[in-house]
Amino acid sequence: MLETNQLLRFTTAGSVDDGKSTLIGRLLYDSKSIFEDQLEAVETTSRRKGFDGVDLALFTDGLKDEREQGITIDVAYRYFTTPKRKFIIADTPGHIQYTRNMVTGASTANAAIILVDARNGVIEQTRRHSFIASLLHIPHLIVCINKMDLVDYDEKAYSRVIDQFEEFSSKMMVKDIRFIPISALNGDNVVNRSENMPWFQDAPLLHTLETMHISSDINKVDTRMPVQTVIRPQSEEFRDFRGFAGRIASGILRVGEEVLVLPSGFSSRIKEITTFEGSLDEAYAPMSVVVSLEDDIDISRGDMIVRSNNVPEMSQDVTLMLCWLHNNPAKPRAKYIIRHTTNEQRAVIKEIIHKININTLERNTEDKTLNMNDISKVKIRTTRPLMIDSYRDNRATGSVILIDESTNETVAAGMII
Amino acid sequence: MSKYYLNYLDELESEAIFVLREVWAQFENPVILFSGGKDSIVITHLAKKAFYPAKIPFALMHVDTGHNFPETIKFRDDLVKDLGVKLIVGCVQKSIDQGRVAEEKGKNATRNTLQITTLLDAIEEHNVDCAIGGGRRDEEKARAKERFFSHRDDFGQWDPKNQRPELWNLFNGNHFQGEHFRAFPISNWTEMDVWNYVQREKIEIPTLYFAHERKVIWRNESWIPISEYLQLQETDEVVVKKIRFRTLGDITITGGIESEADTVEKIAMEVSAMRKTERGNRSDDKRSETAMEDRKRQGYF
């Protein structure tokens, strides 16, 4: 691998029989990321199940229950590398708890692959998956029209999906959508260009993943560094050192620049950006650094260092799109722990504005419950102000999770509007 | 603006450092599980970077099966001295002597499963609320489902079907008394990434990883080193081979591969051309299709 190679995270979504596992198996297999012992194990199982050849879908099998029931229960992560990039796949199940799992997989993804069966075209689940991809603001969407071998590699099946897609995607906010006709089973347009579809001139899937521009996926304009912890060496050599450790969420920090510390509002200048390798003149997202300031200001975990002329909103009242992730529905007036960047407060759900029917995208203002997999627009109030940006502008400072105080479990994920 | 992006290794490093700092901030008494293998050495190196210029704020915890490569123990002790951190050792032999666990019998007997009890006992005895491990999701199919912050109940058990969803970089380490967490900062790394990182950072690793001559027998499809703990069968043929180890664990079950790679550069090249997974040489994973998942559910690393 080259020094300059980047990391691309993508998620895959499709309904049960769209061939998602086969596609992942194909990517791993054709990019030579499958090892001999894994192949042998899968060949043995394929034979036992009476499969003719290798069942590529078996490469993504995981837990005992999943193997027994032939389904995927939870998000699984897969890895492969090509000479151009390293890839992380968040492989999310097609049916059980699809919303919860897809939201999880999508939260860190640069790209989403949405599978459509060429025979069926865009169906309800396609709309649902595309809506979640748009809600989670995945920068790049790749619609793979799969099973082209079953429609005689006919261009019409491909064009039909594009037409159907454009009809409803105008309501969504995805910057970059591409369409690729493939056969995961036979490998057409996955890694290698298909000889069966000379009418398709664009790049196959893997080449698209290898070359799409992802450097701009992270916000480099609005400088935000949530403080994780304070570093005080208490050694002879660094007696007076007091540094603030954190991962830069967005933007760029430069030595000498004036910064503001929130929520206190004190301003100072960056004295030093310290790393194990030595001091830096500037650092940018998503680097993990230690920053020290010219002035002695009281700063602790949960505070945020920002640039003086570009600050987030400070508010106790937050409107967000909330996805409920837990079997137990939301309790009316209950307080939850809210985690936003490195800040932890308590919050109460004040108002459920509407619930979105993710199949029709219609709003329901009557139903005031929050159940597992529901996506709703809500208003919350926190005990102290949060330093927020809209999720659309800044994924890192626009996202929150809610934790149930009585069970400590993560019950909801929210995107700030 | 094009220069403002990280390459894949820098991004993985930054993510791991973020996770280590979250562990430090969210838990009272975290430790690094240190096996002497390359993954736990990389974790320790990352911890050094995460808290610089302060020293590593975690103790190292080693679960000692009693069946060690002597090289591993020396490496561990040198590292602990160099870093100035505390070392906690949990001894499987002690668990056996106390009757907490019983030794397996037969030619393929190992102390692998016995480590679970010793590990959980050590976690309880030292009030550890988070044990940081070098587990990676590419290693094994059950590990592919692991979270960065992975909850363990008050019996130390993992419930893979009922895990907390983990979104963005918001890690929920909230827990009740008696429960603990496992944290996996290098979840997203592959074996190749680890070697590329060891090479780039010039991290010192035990000599066992480099090709060397050793007395071995051929068992379970790999070269098992001769040691005082290995029960030889009449049919076993002891030979001298130039081998190296891809993983380091209990000496009785860690198999080597034939290799000429005697530098990190050569190892990285060898690994990139490798056609078998690294755990393919671990007989502990070959016992059944779900051997790792079964052990992990009980509280294994």
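1. Basis. The model is predicted; local features need pLDDT of at least 70, side-chain atom pairs count only at pLDDT 80 or more, and totals for chains, interfaces and linings use all residues. Residues are numbered from 1 along each chain as its sequence is written, with chains lettered from A and ligands numbered from 1 in the order in which they are written.

2. Sheet of chain B. The strand order is β3-β2-β1-β4-β6-β5 (chain B), and the pairing is mixed. Strands here are DSSP runs (E, at least two residues), as helices are (H or I, at least four), numbered from the N terminus; two strands pair if DSSP finds at least two bridges between them. The edges are β3 (87-91) and β5 (149-152) of chain B, each of which pairs on one side only. On average, neighbouring strands of this sheet are turned by 30° against each other, direction ignored. Axes are lines fitted to C-alpha atoms, for helices over the stretch in contact, and angles run from 0 to 180 degrees between N-to-C directions.

3. In chain B, β1 (residues 30-33) and β2 (residues 59-64) are parallel and share three bridges; Ile32(B) stands opposite Leu60(B) in β2(B). Helix α2(B) packs on the sheet, touching β1 and β4 (130-132) of chain B, and its direction makes about 140° with that of β1(B). Contact means C-beta atoms, placed from the backbone, within 7 Å. Helix α5 (residues 115-125) of chain B lies across β2, β3, β4 and β6 (180-183) of chain B and runs at about 140° to β3(B).

4. Core. The largest nonpolar core has 177 residues; Ala112(A), Cys144(A), Ile145(A), Ile32(B) and Ile132(B) touch the most other members. Helix α1 (residues 8-26) of chain B gives the largest share of this core, nine residues. Such a core is a set of buried Ala, Val, Leu, Ile, Met, Phe, Trp, Tyr and Cys residues joined through C-beta atoms within 7 Å, where buried means that 20 or more other C-beta atoms lie within 10 Å of a residue's own. Beyond its neighbours within four places in sequence, Ile132(B) has contacts that include Val23(B), Ile32(B), Phe58(B) and Pro185(B).

5. Chain interface. Contacts between the chains involve 50 residues of chain B and 60 residues of chain A. On the chain B side, α1, α2 (38-51) and α6 (191-201) each supply at least two residues, and α1(B) gives the largest share, nine residues. By class, that side has 22 nonpolar, 13 polar and 15 charged residues. Ala, Val, Leu, Ile, Met, Phe, Trp, Tyr, Cys and Pro count as nonpolar, Asp, Glu, Lys and Arg as charged, and the others, Gly among them, as polar.

6. Domains. Chain B is divided into domain 1 (8-193 + 290-298) and domain 2 (203-285), with bounds from an automatic or database domain assignment. Their C-alpha centres lie 23 Å apart. The contact takes 25 residues from domain 1 of chain B and 23 residues from domain 2 of chain B.

7. Hairpins in chain A. Strands β11 (residues 258-262) and β12 (residues 266-275) of chain A pair in the antiparallel sense over four bridges. They form a hairpin with three residues between them, and Gly265(A) in the turn has a positive phi of about 85°. A further hairpin joins β12(A) to β13(A) through two residues.

Note on methods
A residue is buried if 20 or more other C-beta atoms lie within 10 Å of its own, exposed if 12 or fewer, and partly exposed in between; C-beta atoms are placed from the backbone. Two residues are in contact if their C-beta atoms, placed from the backbone, lie within 7 Å.
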